[in-house]
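Subject: Structure handover and notes

Dear colleague,

I am passing on the structure below, and I would be grateful if you could read the notes alongside it.

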Amino acid sequence: MIENHLLQNYRSAPVTIVRGEGCYLFDDSGTRYLDMIGGITVCVLGHAHPEIADAIAQQARTLVQASNLFGHEPARSLANELARRSGFDRVFFCNSGAEANEAAIKLARKFAYRNGETRRRTILSCTGSFHGRTLGALAATANEKYQEGFDPLPGGFRYTRFNDVDALKKAIDDSVAAFIVEPVQGESGIIPAKVEFLKAARELCTQHGALLIFDEVQCGMGRIGPLFAFRHFDVRPDVVTIAKALANGLPIGAMLLTERVAIGLQPGDHGTTFGGSPVPCAAGMAHLRIRDAIGLERHVVEMSDVLFRELRAIADEFPDLFGEPRGLGLLAGLPVKEPHDAAALVTFARENSRVLLNKAGNNTLRFGPPLIVTEEQLSVAMSALRAAAQSLVVSVA
Ligand SMILES: Cc1ncc(COP(=O)(O)O)c(C=O)c1O
């Protein structure tokens with residue numbers, strides 16, 4: 001038996017990945033898998049991208065860590081580039097999506113506090129949301145499945161129904177410091193927000209003096225098309241959090257904010273040892289440079305059409321097994337109907353077709369491939385899905 005002292009907090013498949021290349025992963029026996037997960041919507045430019053590897057290596061030979069006691073070029077460049085592309089004024093770097101949301105939660109409260117509004121404490125979030133596993137982000141994650149057994153969670157969090165404008169009207173009052181929302185809910189099964197919901201959120205937040213925070217950790221960085229999801233919805237939040245894809249696989253998170261709200265966090269208010277360290281920032285810069293050079297945004301739109309056309313066809317072929325596909329860009333969810341289990345499809349596709357699929361919440365198959373995925377690769381993945389569906393239908397019949 002292979003020695004394994006890793007904490008058993010993940011339900012890892014019995015596969016040891018040793019290498020990646022583009023949209024493929026290779027295990028320790030040399031088997032090649034087509035990857036429709038991309039490190040959970042992280043490796044947008046594929047695995048082991050040579051130019052990103054070069055940028056990482058060059059930065060690692062130059063400077064790996066300087067701390068935030070000093071300035072350095074990689075963080076400054078990436079912050080400037082993100083500001084230029086987003087229209088936001090300030091960028092705070094951290095190491096993950098949860099940390100970016102923690103920063104946003106702290107910012108919202110401190111912003112109110114600095115404005116003399118010491119009673120404005122509430123963080124409002126949506127049912128079905130996922131904002132991360134640290135205690136603050138978990139308190140904002142309105143899902144019993146993730147919160148159970150971790151009480152007492154930090155106080156001052158309230159929830160409102162996702163995509164319900166009337167409920168939001170009732171929920172936002174002058175005690176709300178911020179409303180945090182995913183433009184596309186990811187972990188709960190790829191559910192896009194309605195444009196009118198996000199527009200109403202913008203209006204209500206402005207009206208009541210609350211900050212509007214978009215958690216684009218999963219749906220940002222070009223996953224649904226534009227680099228920032230807020231552009232798709234044409235709604236401008238006060239704060240955006242990103243992570244996952246920013247450095248194509250290296251750990252990094254970021255909070256983008258306007259100058260107006262940036263006064264919330266001043267020297268000493270918040271920080272992290274590794275946040276914005278040179279190597280992930282150099283990888284982030286390389287990622288942004290490459291995505292422009294290859295016209296990634298256009299490619300996502302084209303591949304999205306292919307993916308959704310195929311998913312709709314498969315859903316029509318297996319009406320007892322699948323519901324309507326949901327999502328935007330290259331973030332798609334295919335709901336699996338009871339009594340079937342999406343996990344069985346994932347296992348079948350991996351073991352029989354060497355295609356890696358993923359189950360998200362609410363018994364949904366999630367598709368979040370590298371954004372460089374080709375039409376041929378999508379077609380291979382869809383054949384694997386059909387074969388898996390066939391096996392389930394046959395085995396149940
Ligand atoms: C929308 C959203 N927010 C936050 C997070 C947490 O990010 P991380 O796992 O990097 O802490 C995730 C992770 O899946 C996410 O999908």
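Predicted model: local features only at pLDDT ≥ 70, side-chain atom pairs only at ≥ 80, totals over all residues.

The domain assignment divides the chain into domain 1 (50-293) and domain 2 (296-373 + 382-397), and the centres of domain 1 and domain 2, taken over C-alpha atoms, are separated by 28 Å. Across the boundary, 16 residues of domain 1 are in contact with 19 residues of domain 2, and the side of domain 1 that touches domain 2 is made up of 7 nonpolar, 6 polar and 3 charged residues.

Around the ligand there are 14 residues, of which Ser96, Gly97, Ala98, Val217 and Gln218 come nearest.

Which residues of helix 8 are buried, and which are exposed? Phe197, Leu198, Ala201, Leu204 and Cys205 are buried in helix 8; they cover an arc of only 125 degrees around the axis, and therefore lie on the same side of helix 8. Glu196, Thr206 and Gln207, by contrast, are exposed on the other side of helix 8. The buried residues of helix 8 pack against helix 7 (165-171), strand 7 (176-181), strand 10 (211-215) and helix 9 (229-233). As for its length, the 14 residues of helix 8 (residues 195-208) should span 20 Å at 1.5 Å a residue, and this agrees with its end C-alpha atoms, which are 20 Å apart. Gly209, which follows helix 8, has a positive phi near 75 degrees.

Helix 13 can be read in the same way. In helix 13 the buried residues are Ala342, Leu345, Val346, Phe348 and Ala349; because they cover an arc of only 165 degrees around the axis, they fall on the same side of helix 13. Helix 13 is followed by Arg354, whose phi is positive, near 55 degrees.

Some backbone details deserve a separate look, because most residues other than glycine have a negative phi, and most peptide bonds are trans. Thr41, in helix 1 (residues 38-41), has a positive phi near 60 degrees, and it counts as buried because it has 25 C-beta neighbours inside 10 Å. Asp234, in the loop between helix 9 and strand 11, also has a positive phi, near 55 degrees, but Asp234 is exposed, with 10 other C-beta atoms within 10 Å. A cis peptide bond joins Asp151 and Pro152, with omega about 0 degrees, and Pro152 is placed in the loop between helix 6 (144-147) and strand 6 (157-160). A cis peptide bond also joins Glu338 and Pro339, with omega about 5 degrees, and Pro339 lies in the loop between strand 14 (331-335) and helix 13.

Finally, Gly249 sits in the loop between strand 11 (239-242) and strand 12 (253-257), and it counts as buried, with 24 C-beta neighbours inside 10 Å. Leaving aside residues up to four places away in sequence, Gly249 touches Gly39, Val42 and Cys43, and its C-alpha atom is separated by 9.1 Å from that of Gly38, 211 residues apart along the chain.

Terms used
Residues numbered from 1 in each chain as written. Buried ≥ 20, exposed ≤ 12 C-beta atoms within 10 Å, placed from the backbone. Helix = DSSP H or I, 4+ residues; strand = E, 2+ residues; numbered from the N terminus. Arc of directions from axis to C-beta. Near = placed C-beta within 6 Å. Domains from an automatic or database assignment. Contact = placed C-beta atoms within 7 Å. Nonpolar A, V, L, I, M, F, W, Y, C, P; charged D, E, K, R; others polar. Expected span 1.5 Å × (residues − 1).
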